[in-house]
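Please open the model in your viewer with the sequence panel beside it, and keep a selection tool at hand. The tour below moves from one selection to the next and says what is there.

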Amino acid sequence: MKKTETYIITGMSCSACSSAVERVTRKIDGVEQSDVNLTTKKMTITYDTEKVTPQLIISKVEKAGFGCEVFNKDKSENDNPNQGKTGKKLIFTWLFTILLMYISMGQMLPIPLPLPAIFDMHNSPSNFALIQLILTIPVLFLCRHIFINGFSSLFHKNPNMNTLVAIGSSCSFLYSLYITFFIFQNPSLAHNLYYEAATMVLTFVMTGKYLESRSTKKTKGAITALMKLAPETALLVDGQQHKEVFVKDLKPGDIILVKPGTRIPVDGIVSEGSSSVDESMLTGESLPIEKYRDSSVTGGSMNLNGA
């Protein structure tokens, strides 16, 4: 028997991630179709229940380096307890990064920024390197999820954007750490430190992910609010009778009656009648739109004066 289910996929950061999840699930014997939406973090999969189980699907996705769980409709999609924590981590990340940039690049500006002699590159090159190392370590710790996801995906042969960032930052940090040990012998090596490069890349990526997450949350919230405007039931035209049914039970091709002063339950095409429809909830246009036969209508909009 065929079954279609929805799963929540965590750990995806780019289109390469969603493609990797689709690839590993489509290879499962008995899976007919698998589609992943990167924006909503959802995977819709159709499979043969005699060959495939939810546990098998979850294990395959987890082996690819991602988290997977069955979608729970009762759980609010807009609830994100980690949003506040991420915001606080981002503030501390920027704080350490700005301090690091001040120390490492401040004296290279046309008007050099003041810096205590104890941290000056020319007077104390060893201290100059050590203070940068001390400021870099907290940033690496706060952005550790990028390294965990990036190297985990690389280990599972599904490299993604986090893999690229993790490798680049790691190389900059390890090279600078290697140089730090030899500055005591050769002070001129202080010019070859790249701690600020490692932290700036991580900070910008983390900032981008945070802004993307906030934008996605707002968009999903707006769409959810629009969906709540649509009624839960509709009047299904069955011959000469009208039967009230749930909107979720409607099928393409069904004909429904929308009375004056009620909201249109679903998107559709006008097959008979004419009316003015208020679509301001979607378009922002305050003036009603005239609808005739073959006009398209949007679920949730208000039917004003005609049936």
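**Helix pairs**

Begin by selecting H4 and H5, whose axes come within 4 Å and cross at roughly 55°; axes here are lines fitted to C-alpha atoms, for helices over the stretch in contact, and angles run from 0 to 180 degrees between N-to-C directions. That angle makes H4 oblique to H5, given that angles under 35 degrees count as roughly parallel, over 145 as roughly antiparallel, 65 to 115 as roughly perpendicular and the rest as oblique. Show side chains for Leu140, Phe141 and Leu142 of H4 together with Arg144, His145 and Phe147 of H5, since these residues make the contact, where contact means heavy atoms within 4.5 Å. The residues of this contact of H4 with H5 divide into four nonpolar, one polar and one charged; Ala, Val, Leu, Ile, Met, Phe, Trp, Tyr, Cys and Pro count as nonpolar, Asp, Glu, Lys and Arg as charged, and the others, Gly among them, as polar.

A word on what is being displayed: this is a predicted model, in which local features need pLDDT of at least 70 and side-chain atom pairs count only at pLDDT 80 or more, while totals for chains, interfaces and linings use all residues. Residues are numbered from 1 along each chain as its sequence is written, and side-chain values use heavy atoms, with hydrogens and water left out. Helices (H or I, at least four residues) and strands (E, at least two) are DSSP runs, numbered from the N terminus.

H4 passes H6 in a left-handed crossing, a crossing being left-handed if the near helix is turned anticlockwise from the far one by less than a right angle, and right-handed if clockwise. On the H4 side, select Ala129, Leu130, Leu133, Thr136 and Leu140, which meet Phe173, Leu177 and Thr180 in H6. The residues of this contact of H4 with H6 divide into six nonpolar, two polar and no charged.

Next, hold H6 and bring in H7, whose axis comes within 7 Å of that of H6 and crosses it at roughly 155°. That makes H6 roughly antiparallel to H7, and H6 passes H7 in a left-handed crossing. Among the H6 residues that meet H7 are Met161, Val165, Ser169, Ser172 and Phe173, and among their counterparts in H7 are Tyr195, Ala198, Leu202 and Lys209. The residues of the contact of H6 with H7 divide into ten nonpolar, five polar and one charged.

Within H7, centre the view on Ala198, which is buried, with a relative accessible area of 0%; buried means under 20% relative accessible area, exposed over 50%, and partly exposed in between (1.4 Å probe, protein chains only). Not counting residues up to four places away in sequence, Ala198 touches Ser169, Ser172 and Phe173. The C-alpha atoms of Ala198 and Thr97 are separated by 9.7 Å, although these residues are 101 residues apart along the chain.

**The nonpolar cores**

Which residues touch the most other members of the largest nonpolar core? Select Ile183, Leu193 and Leu202, which do so among its 29 residues; a nonpolar core is a set of buried Ala, Val, Leu, Ile, Met, Phe, Trp, Tyr and Cys residues joined through side-chain atoms within 4.5 Å. The elements that give two or more residues to this core are H3 (82–105), H4, H5 (144–155), H6 and H7 (195–229), and the largest share, seven residues, comes from H4. Apart from this core lies another, of 21 residues, among them Ile9, Met12, Tyr47 and Ile58.

**Loops**

Phi of Lys41 is near 60°, a positive value in a residue other than glycine, and Lys41 is partly exposed, with a relative accessible area of 30%.

Asp294, in the loop between strand S10 (289–291) and strand S11 (296–297), also has a positive phi, of about 75°, although Asp294 is not a glycine. Is Asp294 buried or exposed? Asp294 is exposed, with a relative accessible area of 60%.

Finish at Thr262, in the loop between strand S7 (256–257) and strand S8 (268–269), which is partly exposed at 33% relative accessible area. Thr262 touches Ser301, Met302 and Asn303, not counting residues up to four places away in sequence.
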